Every structure is written in structure tokens, then in C-alpha cells.
Amino acid sequence: DGSDESSVNLETNLDRSSLEYDFRLGSKPYSVAINSLSALATHRPGFFREASICLSRRAIHPPSPDEGATLLTPVGIKAITSQIKSSCLTLLRNALSVSTNSYAVLQKALISFDMQVQADKALSMAKQAHSLKSAGRKERNRANIYYEWETATTGDDPDRRVTKRQRETDDALAKMRAAKAARGLGHGIQLPTSMADAVDLILANLTHLPQKRPAGGVSKRATGALAVTLEFVIDAVMTNGASLSQEEGKWYERDGGNAWDVDLDDEENRYRPKPKLREVMDLMKRDDPGDPEEAQKKRKVYAEQSANAAADAYGRILRNSANSRSEGLREFGRSVAARLAFTLRKVKPTAQLVTPIASAKSSIAKVIHDEDHKQKLQDFVDLYPLAATGLALDSTEIIPDHATPKEGDSSTAVRFLNEALVQQAAGPDDPYFHSLYENSLDLHIASVVNASLAANDKPNDLEKKKVAAQTVVGLQKDIPMLPRLTGSAITQLCTLCDIEGITKKAAEVAKKSSQESIAEAAAVHAAKVAAEKRATAILLILRDIAFQRDVDDRTVAIECAVGLAAGRLPSTTSIQDKALKLVMNIIWPRNDSLAKSVADAATVELDLAVDDAVSSFDEIEKANAESNNEAAKKNPLGHWSDVEKQVMDRMSKPAKLYMALCVRKTDMINNLFKAGSTEKADVLSKTIRANMRILARTAATKHGAASIAFDVAAMTTNSEIPLLLSFLENLVGTPDQDLIDACFKIQDSKAGADGKKDPRYIIPVVPAMNRHDLVGHLPDFVMAEDQVFLDALVRMGSRVSRHALLFREEPDESEPSLHGMTLCEELVYLHKLDFSDKGIPQKRYLNAIKLCLEEDETYNDRVVQSALDQISGIFLTGSEKLPLAFMRTCILVCTKHESLHTWIAQVLLPRLIDGKIYDDSRQWEGFMRCLRLLEKSGDSGVRAQDVIAKLPPEQLMQYQAKWVGKSGGR
């Protein structure tokens, strides 16, 4: 009845946290141990009781996180606890639990898990099975009937089971076991994962084993069976059974490594290979092509097996060093693995390293674009495949927290790179050794870049994102520890800044509004943020290289940073802005040497922009000619076609970068203006002028507007005048008197050989000039080119545009205080201009007024009306005569602005009659022409008869004789 089980005490009171273990169990060894105990109890009844007590004690005290010896995660602890409970329940259901009086301890263990009902049911089944063993025929037949009743079938299919415990794979599993039993254990059959099933399979095959070893197999060991030592067991547990596995084609692993056994030479006190092994080694040393075919075959097999053994040893060392908790063991393992990797040429890695070698090859294909460079790295991987696995290992899998290198510790890649440098320095005169370190470094950087590309391609893969993050963080720690860098490696790093793809993908996903896209948008956004962090880390690496490395590496790093800021290297706008801040705010102020390197790199970028602009000239001209966007063509600084817009976008970044440097070093403005004045580089010149406001305002704030204006003017030539004028126009919003004086000095310094001054130099300051002074300089603008003349007029009225219709009166004529000119004032003073006294041809004087009237968007009908009203009002007072061009202007206005016909007929012409315009023959002739135009216009609101009726009799007769007679009467 199991009453003697009361003497068994399941309380062990064992403090596991105080124990020191030579090794620790993970989930898999724990599971193997539980399955072993279950198989031992089931197939060896003599050990059933001991196995039951052992499992029950462990069930009473299941593994917990508080145990210092456990490596189990919380999920693993639940799985192991569940396996212990199921194993106890299985043993309790067995009839041996009753026959060995072990059911009490098992039942007690299950009750501790609140499994009283399951334990009672299992015990009743065990007792029933035990009683049937000694029962009579009647009881057994009754039990058989009961069993057949439970497994009865219904329907047309008699093989179909209806109970809940039915498994559709039962028959297939039975057939599989039968097939394995028929074939025997050899030929690569893999044992089931369950230890109980494995024992069943082995026992079923015991009858199929031959009495003797088959002919042609491994020779019989002289020492007999392999001894199971502590080292043997520890190796098996540490490798999770890998040291016990037997793989087809690896004879050196069979029988526990019998092929590599050696004898201890007592005389020399050292190990020597056994005779059989020495025989093969001697055969390898001889390597005579004339040897028999059998000898050559042995030599080939030995070489292959040696390579496989070396690859296995390398893989175990690399894996153990990567996952070891001991810092010293990690460092030693990495050093040994690195030496083996570069010593073993053309040795293919094992299956456990297939992912790193595949990643290395994929990195070369995706990251390296230069064909010659790509071929060199492919040759390197073919020659040193083991080294490629070590260089790409950290970029393919997550490094455990306990194995993450601390500050000052070297990573696996650094160890391999150091070994590559040593091998290159001490290597023979072999072309493969000349660039061993450079190829290793390029492959490592390519692997890091490839890990980030993989994370960007699959935003939902958290493992890839974590691997990409850890590789970049590790790279930040590794770069300062590397003996030297290469230009190609530094340039490859900048590839991580190209996150345009993931940025666009995040923007596209964010536009979707479906419920399913919310999770996708969140994942893509997180991937974009992670990519931006990695790109920012690359900028920090470039900063460290610029500060800590030699001149060559520093130059390449600065060129890359400047290339990112200038947009030559692909990146996003945010990364370009960060690169610009890195160059301007961190690297440039560091010292003069770095500042010079930055300036040189920026000059190279500007030269590339010039070449791009010149090569795009013809295409832009063609696209602009075909463009129908008339509104865009009115803006001289805007793009006229899509082609020009694309080129201007490319020009914008290097131009802004160089302008920012010009603020720090004003001498560079000369180079900027020269580049913008290059023949056929019109689009670059337009881009510079479009962004000139940033340069001019910043430089004026830092150096003073007048000072910087004079300095820049002194360094420019005649071909650069348009850019100089643009610079002067954008210096300040409101020019002061110092800047006005500086512009006049610039005008004097730029005068031609004949002493003629260019009025363009003072156009930037005309809004702030005194109106009295502007009237004096008005003849200079009239004599200039049409566009210069119109630009001057526009600038004059820019600050007084709100008073465009007014003619302002000076508060004190002796001290003029008004600045600029309104549009009305411009027309009035143009008409009053004494052109003959100023040496202006009459034709140019009249054309200047006509140019203004043709700009009807600026000088509209209201502006013209206010100007004519001002001039005619003064004439009416008798203080001044009408200007020569006045009536000509009235005639032009009648033809251009029909809206003013009524005002001219009802106000202006009667006013001119009152002022006795007919006393001036030239003006009277113009008056009659204007009156005739109004009379013939036929407008209902124009009452020309009223004006005619107001004429004196003599003038009426002149008008009728001249116009009415010619027309044949009214």
C-alpha cells in the first residue's frame, strides 16, 4: 500500500545559491536530464524508485530565478517546471509506481502543484494495470471489453477514432519507427529529440546490430572502449552534446576522436602520433605525384579531413569566445581564432558559420560598387573564408550582454584586424599580403553597412534592427583602437547616412489611414528613427577621425563630412544639416589646420558644382526655351523649367556651404564669385544670387556693412559685377549713411578709363538716399541701360510704396529730409528733367518716359493720373511751364488707359485751357491731337464737345480748320 514511503523526505533543504558549479545548465541540458531520468525509470525497473524520488524532489523545489546557478529565463523555468510535472504524472500512471511502492512520493509531488485530481486518476490507472498482471482470465477479458468499448468506431471508416486523445500522426509515427528499425542505426539516422523515444528506437534496433564491425570501417581501437572522464562529460554539457555527435564524412570525430590519438613518449617526455597516423603524415610530406593512386587518395582524404577538423576547431573557439562570460577567456579565444583564420587558407567554414560567410559575400555585392574593389574583396573571401566569418560575425547576430566588450576591450573584429596587420607586416613577398589589412577593414565596414541596409529593408524585424544598432555602437568603440584606417573604409561609412529610402517609405506609410497600416507605420517610423541615429553616429565617427587620426585619415574624414553637407554624398536633409553644423561649428573652430582642410574640401565641392552647371547648360537652355511658364520667367532668380529646378537644387547645398565658410573667412568670397561667373555656369550664378541674402546679411552683421562692402568690391573683377551688385543689394534692409558713402566710393573706384561711372553701384542704396540727391542722379539712371534704369526706379520707390500716388512736399526746402521717391514723384521729376542741360538726347528722354508707361503693372492708371494731375496743377498756378513731354504723355495715356478718358476730358483738358496752353505752340499742337483722339473714341462718358465749347474763338477756329476740315465736317 505504499506505507513505507512515509520515510522518504522530499524536503532537501538545499541552498543552491551557495554552490559553485563547474558549469551551468540551460534549457536543453535540463530537458535532457529529465528525459534521461524518465527513460531510466521506464526501461530499468530497478532504478524506478530512485528516479521517481529524484524527480519528485525537484518538483517540490522547481528551478527559480533566485538560484545563482541557473541560466534559465522565466519562460524556460515555466517550460522545465511543466516538463517535471508531466514526467511525474507519466511515472505515476505506470504500473511500476505501484509495484515499486513509488507512487506516494509522486502523488505528493503532484499534490504540491494542485494536481490532486490528475494524480488520483493516474494512480487508479496504475493500480488497475498492476492488478491485471496477476488477475485471472475473467478480469482480463472484462478489461479488454472495456478497452474495446472506449475505442469503438462509428460510421463507414472503422479506423477513425473518436476520443480526444486521438492523434492523426500515430500511424505515420509507427511506420517511421518501423522503417528506422528495419534500416538499423547507421547511415546518418538522427535520434528523436525525446530521450524516451530515442531509447525506444535504440532498444528496437539492438537485434539488428551485427556481431562484428563491418569490413572497411574504422580500425579497432587498441585501448578498447572510450573512457568517460570528467573532461568528456564537461565537454558534452558545455557543447550541448555537439562533442558527441557523429556526422557522415567526418571520420576524425568517430569513436571520440580516435583518429587523433597520440602516445606519450617516455624517453622524450612528449606526445607523438600513433604509428597509423604517422604513416599518413609521412605520406603527406612525401607528396610524390608518382605515388600509386591509393596513396594519392589517402593523401587527399587526409587533407580534407584535416581542413574539416581545423574548421570545426576554429568554429568552436570562435563561438565559445563570443559567448564566454570570462573576459580573459574571450580575449584569448579571439586571439587564437584570429591566428587560425589567417593561417588556414581556403578552408571552408562549418555549417554553424554559414550565416557570417553568407553575410560577408552579400555585403560585398550590395555595398561595394567599384568593380575592381569588389573583385579584390571577393578574392580575399575566397582565400581567407574563415577570416571573413570573424570579420562579419558581429554583424549577423546579437551579442549577449555579458559578452559585450567594455570600454577599452577589443571586439572580435578588432582582434582579426590586428592579426591581419601582423600577417601583412610579417608575410612573405606575396601580392595577397600587400593589402591584407586594407581588405579586412573594408570587408568589416561593408558588413556593418550591410547590417543597417538589412534593418532598413525589413522594419518589422527587431533582431535585424538590434544587430544594426550594436554594430554601429561597436564601430564607435573600435575605430579609435584600430592601428590605421583607409580612405575607402571611411567613405564606405558614409553609406550609412543614405537613409532616403526608409524616410520615403515612412512618409508613404504615414499617409495611409487604414487600421492595418497603423502598426506598419509605427514600425517603419521606429526604423527611420533608428536609421537616423545610426547616421548621426557616423557623423560622430567622422568627428573623432578628424580630431584623433593622422593627416591622411583626417583629410578623408573632412572630405566626407563636407561631401555630406554639400549633398554630394547621398543623405537626407536632416543629416545634411547636421553635417553642416559639424563642419562649421565643431571642426572649423578646432584649429587652423582643420579649418584649412575644410576650406579645401569645400572648394573642391564648389568646383564640382561648376562642372555640373557647365555640363547642364545646353539642357537647361533647351528646357527653358520650351517652357510656357511666362509667370516664372518674370522672376530673374527663379527656375524657368523643371530641369533648371533640379540642377538648382543640386547647386544649392554646395553654394550654401561655401557661403557659410565665406562668413568665417571673407577672402573666400572671391572664389565664390569667380565660380559663379564661369562661362555657361549661369544656373550656379542664379543659385548664388538667390541665396545671396544669407551671405550678405550674416557678413554685414559680423564685419559691418560698409567695411565688408568695400572689401568685397576690392576683390571682384568686371566679370563678377552682377554678383557684387547682388551682394550690395542684400547687405542690409535699411542702408545707413556709411553704406551709402561706401557705395559711392565703390562707384568711383570702378569708374572706367574715360571717367564714366556705373550707376549700378549706387542702386542698392537709393531707397535710403535723400530725394534731393536722387533728383540730381536721375540723369545718370536715364542714360543707363533700360533694365538698369527701371531697376533704379523700382528700388527708389521700394520703401515708400504705400505713398505711390502721392507727391510729397518737403517740410523745409532748405534742409531736404525726404528719402526715396514715390512712383508719382518719379514720373513728375522725369517730365521736369532738363535733358538738354544734362547732355541727354531728346529721344532718350522721351523713351525713358515711354518705358515707364509701358510698365503698366507698376505705373498703372492711378499712378499716371496722379502724376499728370500734379504737373497740370502746378502749370495752372502759372509758376512753371508744362514739360516738353507732357502732352505726348497725355496722348500715350489716351491710347493705353481708356479708364482715364473721362478724367482727361472733364478735368485735365479744361484745366489746361484755363492755364492757356495755346500760348505754347508745341503744347497746343499736342492738346489738339489729344482732344481729337477723345472726340473719335466714341466713349459715352467722354464729352469732348464740352472741351471744344470751352475753347476761345480763335483757338476753336484753329482746331476746326485743322481737324474738322480734314475730316469733312462732323
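This is a predicted model: local features need pLDDT of at least 70, side-chain atom pairs count only at pLDDT 80 or more; totals for chains, interfaces and linings use all residues.
Biologist: Hi! Which residues touch the most other members in the largest nonpolar core?
Modeller: Those are Phe-727, Phe-789, Ile-904, Leu-912 and Phe-927, in a core of 207 residues.

Biologist: And which helix gives the largest share of this core?
Modeller: Helix 23, residues 516–548, which supplies eleven residues.

Biologist: What is Phe-927 in contact with, leaving aside its neighbours within four places in sequence?
Modeller: Its partners are Met-887, Leu-909, Leu-912, Ile-913, Ile-917, Val-947 and Leu-951.

Biologist: What does the second, separate core include?
Modeller: That core has 28 residues, including Tyr-30, Leu-72, Ile-77 and Leu-106.

Biologist: Changing topic: is Glu-626 buried or exposed?
Modeller: Exposed, because its relative accessibility is 55% and the cut-off for exposed is over 50%. Glu-626 lies in helix 27, residues 617–626. Its C-alpha atom is 8.5 Å from that of Ser-641, 15 residues apart along the chain.

Biologist: Now cavities. How many are there of 30 Å³ or more?
Modeller: The count is two.

Biologist: Which residues line the largest cavity?
Modeller: Among them are Ser-452, Asn-456, Asp-498, Ala-531 and Arg-534. Helix 19 gives the largest share of that lining, three residues. By class, the lining has four nonpolar, three polar and two charged residues.

Biologist: And what about the lining of the second largest cavity, by class?
Modeller: Five nonpolar, no polar and three charged residues. Lys-832, Phe-875, Glu-880 and Lys-881 are among the residues that line the second largest cavity.

How values were computed:
Residues are numbered from 1 along each chain as its sequence is written. Side-chain values use heavy atoms; hydrogens and water are left out. A nonpolar core is a set of buried Ala, Val, Leu, Ile, Met, Phe, Trp, Tyr and Cys residues joined through side-chain atoms within 4.5 Å. Buried means under 20% relative accessible area, exposed over 50%, partly exposed in between (1.4 Å probe, protein chains only). Helices (H or I, at least four residues) and strands (E, at least two) are DSSP runs, numbered from the N terminus. Contact means heavy atoms within 4.5 Å. On a 1 Å grid over the protein atoms alone, a cavity is a set of points where a 1.4 Å probe fits but cannot get out, and a pocket is an open set with protein on both sides within 12 Å along at least five of seven lines; lining residues have an atom within 4 Å of a point. Grid points are joined across faces, edges and corners, and a volume is the space filled by probe spheres set on the points. Ala, Val, Leu, Ile, Met, Phe, Trp, Tyr, Cys and Pro count as nonpolar, Asp, Glu, Lys and Arg as charged, and the others, Gly among them, as polar.
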